[in-house]
Amino acid sequence: MQKSSSNPQQNASADKTREQVMAEREAKKQAKLAKKQKSITPATTIITEVEQTTITQKLTTTTTTTTKEQSQLPLRSTNVADPKTASQSSSQNSTDSFNPTAPASEKTREQIKAEREAKKAAKQAAKSAKSNNVDAAAKQLNNLQVATKNESAPAAAATATGASAAADHEKKKPALTKAERRAIQEAQRAAKAQGQAKKTTATPGAVKSAAGNSVKATPNVPATTHKEHKHDKDDKEESPAKSPSKGGTVKADRECKVKLFNHLVSADKDASLFINDPNVHPSMARLGVQYAQRTIVGSNARCIAFLHALRQVVQDFETPAKKEFGRSLDVAVKHHVDHLNKCRPLAVSVYNAYKQFKNQLTQLPTDTPETELKELLGHFIDTYIENQIGKAAQAISSSMQEKITDGDVLLTFACSSLIQFICEEAKRRKVTFRVIVVDSRPFCEGQEMLRRLHACGIPCTYVLINAISYVMPEATKVMLGAHALLANGYVMARTGTAQVALVANSHNVPVLVCCETHKFSERFQTDAIVYNELCDPNLLVMDEKCSLNNWQSKSRLTPLNLSYDITPPELVSAVVTEVAILPCTSVPVILRIKPDIGY
């Protein structure tokens, strides 16, 4: 290299400036250091495809540099981190200072050959760059080594400039391409499917397919094929069955449901839910069993039982050390409410009572002894039962007494404690009337209503819901109970209430819904599909001769047992509350003024 650069040095010695002379000396020193290092460890040349593209960029763009730029080139090359690359770049810059770049017309034969070879390499690099991964390119850039002694000056200069350009190109290159991200996602999905298949007792075929997917979807694959997309769809379809959180019991329960109602929940009667939780108070555990087994039914009955159990929880609660009574009690009550919700979805009346109790906890004074705070909460529970349920029923009954006259035939559906209270009050007033009790399977709650009214000496008629069109012409008024009154005016009640209201509307019989304001809900609902409660479908089977017997073995038969239905406000004449007799559309008004009037 020194011999090749000696002739131009002699010819241009007169024209050299002081800066060029200093640059040459520095280049010579760097060349000597490079020779010593080369004698110790022989170097090999590895020119990557990324370098080849940068070589073509440097060789094809020939520009004339000024004297100052030429003098600064060797000084810039000394800032390279690797000592081998630093020595290489300094020797290359020294040759560049002796041989400045000439115009395109004065190119040597070696430069023209180098340009052609670089162009060919650039084309190949452009083709293979699409299929290469970022990690592979980074590894190749890290494995760059110093060129040999016999390498020509233009090639050495091109490799030095190519290394710096390759580093700039790597910085400008985006982190991941679209194909690489897709390949990584496929690999993660396949790994997840494999992990799930190991946890569950999957079939050997399913495990093999998951393993095949993981092998096919490696990150180095540039693009996914049609077969891999097909496997991805199969994985998505099989993921619910392979998920470890959903066992065989959940799958069996789903098979018992209609697809349209798969999102609904039913009462959980698993014994481990009631006996394996030491944090649940015995009164709440007992109440959860009664909810699940339907021993306690009806909105008012469920609400009163919940408040009585809640009083026991408050009385037996002990505040932890260095904790506040109100906050710690709120956490404990929330745990018990979640337990009841698992046993059976909470009624609207229970949820509203719990919300009022939480509001009362936030208003407790902090400087009062714990015993007094418990007395305040017990007094609140007693007041809530008395005002929201007891006095509300009396107010509704007094409003309805004005509507019941001698000779009336009242038609009611299923069993409602509020309707029973109204009929008993009318009997005490010695009004002559009779009641038609309409009932439906599977619970036949109307039989309990019939027993209570008959015990009071009220004449009754009992029919099933399929005979309602025959007895509706005899009725003068239809009185219905409600599970909840929704904010859009729709009435949520036991399944069959909407049918009774529809038949009454067709016969021009007024429909009066009796509902306390503590059953008003802020939820909007226009059908019984979005929110409902599923009951045991086996209750629909009457006996061994029933056509629904052994329905699990019949693939095309799926019984559905819903708890509630939705009655539109067009079928309801009025809603009787403790505030007043109102239309269904006045529910938002009651919800807005309810805290102000003290209900």
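**Loops, buried strands and a charged patch**

Student: Where is asparagine 508 placed?

Tutor: Asparagine 508 lies in the loop between α22 (497-506) and β8 (511-514), and please keep in mind that what we have here is a predicted model.

Student: And what is its phi like?

Tutor: Phi of asparagine 508 is near 60 degrees, which is a positive value in a residue other than glycine.

Student: Is asparagine 508 buried or exposed?

Tutor: Asparagine 508 counts as exposed because its relative accessible area is 71%, and exposed means over 50%.

Student: Which peptide bond is cis?

Tutor: The bond from arginine 441 to proline 442 is cis, with omega near 10 degrees, and proline 442 itself sits in the loop between β3 and α20 (446-455).

Student: OK, so β3 then: where is valine 437 found, and is it buried or exposed?

Tutor: Valine 437 is part of strand β3, which covers residues 433-439, and it counts as buried because its relative accessibility is 0%, where buried means under 20%.

Student: What does valine 437 touch?

Tutor: Leaving aside residues up to four places away in sequence, valine 437 touches Thr412, Ala414, Gly446, Met449, Leu453, Thr461, Tyr462 and Val463.

Student: And how far is valine 437 from leucine 464?

Tutor: The two are 27 residues apart in sequence, while their C-alpha atoms are 8.3 Å apart in space.

Student: What about threonine 567, where is its place?

Tutor: Threonine 567 belongs to strand β10, residues 564-567, and it is buried, with a relative accessible area of 2%. Not counting residues up to four places away in sequence, the residues that threonine 567 touches are Tyr490, Val491, Thr497, Ala498, Ala501 and Val572.

Student: Last topic, the surface: which residues form the positive patch?

Tutor: That positive surface patch is formed by Arg18, Arg25, Lys28, Lys29, Lys32, Lys35 and Lys36.

Student: Which helix is arginine 18 found in, and why does it count as exposed?

Tutor: Arginine 18 is found in helix α2, which spans residues 18-40, and it counts as exposed because its relative accessibility is 72%.

Notes. Residues are numbered from 1 along each chain as its sequence is written. This is a predicted model: local features need pLDDT of at least 70, side-chain atom pairs count only at pLDDT 80 or more; totals for chains, interfaces and linings use all residues. Side-chain values use heavy atoms; hydrogens and water are left out. Patches are made of residues with over 30% relative accessible area and no salt bridge: like charges are joined within 9 Å, nonpolar side chains (Val, Leu, Ile, Met, Phe, Trp, Tyr) within 5 Å. Accessible areas come from the Shrake-Rupley method with a 1.4 Å probe; for residues, only the protein chains shown count as cover. A salt bridge is a side-chain nitrogen of Lys or Arg within 4 Å of a carboxyl oxygen of Asp or Glu. Lys and Arg count as positive and Asp and Glu as negative; His and the chain ends are not counted. The place of a charge is taken as NZ of Lys, CZ of Arg, CG of Asp or CD of Glu. Helices (H or I, at least four residues) and strands (E, at least two) are DSSP runs, numbered from the N terminus. Buried means under 20% relative accessible area, exposed over 50%, partly exposed in between (1.4 Å probe, protein chains only). Contact means heavy atoms within 4.5 Å.
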